[in-house]
Amino acid sequence: MRHSDFWRLMEDEFGAAYARVLAATLVLTSVGGRTADEALRAGRSPREVWLAVCDMQDVPPERRFGKDRPLKG
């Protein structure tokens, strides 16, 4: 997963403004007690950070892959 995928998933799930607030303030125990922003800067994988956010925010499994996007033609 790329960083851009992480942010797309965050914004799809939480909205653009709240995604940024959440990434800056929610402490994720499973990535060393860091926020998502801190964990990404420290080199943790975007996938690992995304799943940590999902766990902390009780995102259901069926929404962890993001919204369906139409195929580009």
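Modeller: The protein chain has four helices and two strands, where helices (H or I, at least four residues) and strands (E, at least two) are DSSP runs numbered from the N terminus. This is a predicted model, in which local features need pLDDT of at least 70, side-chain atom pairs count only at pLDDT 80 or more, and totals for chains, interfaces and linings use all residues. Residues are numbered from 1 along each chain as its sequence is written, and side-chain values use heavy atoms, with hydrogens and water left out.

Colleague: Which pattern does the protein chain follow along the sequence?

Modeller: Read in that direction, the pattern is α-α-β-β-α-α.

Colleague: At what angle do the axes of helix H1 and helix H2 cross?

Modeller: Axes are lines fitted to C-alpha atoms, for helices over the stretch in contact, and angles run from 0 to 180 degrees between N-to-C directions. Here H1 (residues 3-14) and H2 (residues 16-25) cross at roughly 115°, their axes coming within 7 Å.

Colleague: Which residues make the contact?

Modeller: Contact means heavy atoms within 4.5 Å. From H1 the contact takes Trp-7, Met-10, Glu-11 and Phe-14, and from H2 it takes Ala-16, Tyr-18, Ala-19, Arg-20, Leu-22 and Ala-23.

Colleague: How much of the protein chain counts as buried?

Modeller: Buried means under 20% relative accessible area, with a 1.4 Å probe and protein chains only; of the 73 residues, 33% count as buried.

Colleague: What does the C-alpha trace span along its principal axes?

Modeller: For the protein chain, the trace spans about 40 × 25 × 20 Å.

Notes
Buried < 20%, exposed > 50% of the residue type's maximum accessible area, 1.4 Å probe, protein only.
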